[in-house]
Amino acid sequence: MAASVHPRQLAFALPHAESLTRDNFLEGPANEAGLALVENWPDWPNRIMLLVGPEGSGKSHLASIWAERSGARSISAHALTAAAVPGALATGALAVEDLKPGDFDERAMFHLMNLAREDEAYVLMTARIAPSAFEVELRDLRSRLRAVPAVSLLPPDDLLFRSLIVKFCADRQLSVDEAVVSYLSTRIERSYAAVRQAVELLDSEALRLGRPVTRALAAELLRNA
């Protein structure tokens, strides 16, 4: 008699909605300067400001909060074109997200900064590293970018780190207890990206294995990761 074969359960990577409202923003010493910038608008030291921080540090969340307050439109730096600049600034405020070295149209960015100054519009840019470290061919743009005041988001402290674990689990509707949070907080890299990756792994494997998210499962997965 043939042995029965148990099909492996498939885990589908479904999108998970993450709330980007002010009420859902986790505050801490690491991001207080960025939050203060957003909440102090329009009383900014410059009409063009920059948020700098590592992956997952809350730059997009802060930009979303600011957009809600200011009526700003949002665009990826990669998608910005010279032709799109006037329309992007139509509301008098624009969030330009994920500015990366070599991944944006320099002439479009120069046009944006010039038009924003002429129209007295507000621009909030986000980037993982400050543009002062970019290789920029347009000399005038290079000097403009380096002159933009930057506010930095720092690595999370202990309390914020644990809160991030709870938040990312809640975003995925995962029920976790203190044992899971404590275990993860002492075993994964102290970074926003590491928290997100660990929670994604727990979620997908718990679904695939048909098991609840427990400390034992977390230990098993991280040991094999």
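Me: What makes α6 stand out in the lining of the largest pocket?
Reply: This is a predicted model, and in it α6 gives the most to that lining, with four residues. To count as lining, a residue needs an atom within 4 Å of a pocket point. Other elements join in too: α2 (59–70), β3 (93–99), α6 (158–171) and α8 (192–209) each supply at least two residues.

Me: Which residues are the closest to the centre of the largest pocket?
Reply: Those are G56, S57, G58, K59 and S60, out of 23 lining residues. The pocket itself has a volume of about 390 Å³.

Me: How do you know where empty space is left?
Reply: Rolling a probe the size of a water molecule over the atoms shows that.

Me: What makes up the lining of the largest pocket, in nonpolar, polar and charged residues?
Reply: Seven are nonpolar, eight polar and eight charged.

Me: Why are α1 and α2 called roughly parallel?
Reply: Start with the angle: helix α1 (residues 32–39) packs against α2 at about 15°. Angles under 35 degrees count as roughly parallel, and therefore α1 and α2 get that label. Their axes are 9 Å apart, and the crossing is right-handed.

Me: How do you know which residues of α1 and α2 are in contact?
Reply: Contact means heavy atoms within 4.5 Å. By that test, G34, L35, V38 and E39 in α1 meet L62, I65, W66 and R69 in α2. Sorted by type, the residues of this contact are five nonpolar, one polar and two charged.

Me: Is the peptide bond from W41 to P42 cis or trans, and how do you know?
Reply: Look at omega: the value is near 5°, and the bond is cis. You'll find P42 in the loop between α1 and β1 (48–52).

Me: What makes E120 worth a look?
Reply: Phi of E120 is near 55°, which is a positive value in a residue other than glycine. E120 sits in the loop between α4 (106–119) and β4 (122–127).

Me: How many helices and strands does the protein have, and what pattern do they follow?
Reply: There are nine helices and five strands. Going along the sequence, you read α-β-α-β-α-β-α-β-α-β-α-α-α-α.

Me: What does the C-alpha trace span along its principal axes?
Reply: About 80 × 40 × 30 Å.

Key
Residues numbered from 1 in each chain as written. Predicted model: local features only at pLDDT ≥ 70, side-chain atom pairs only at ≥ 80, totals over all residues. Heavy atoms only, no water. 1 Å grid on protein atoms, 1.4 Å probe; cavity = no way out; pocket = protein on both sides within 12 Å on 5 of 7 lines; lining within 4 Å. Points joined across faces, edges and corners; volume = space filled by probe spheres on them. Nonpolar A, V, L, I, M, F, W, Y, C, P; charged D, E, K, R; others polar. Axes fitted to C-alpha atoms, helices over the stretch in contact; angles between N-to-C directions. Parallel < 35°, antiparallel > 145°, perpendicular 65-115°, else oblique. Left-handed = near helix turned anticlockwise from the far one by under 90°.
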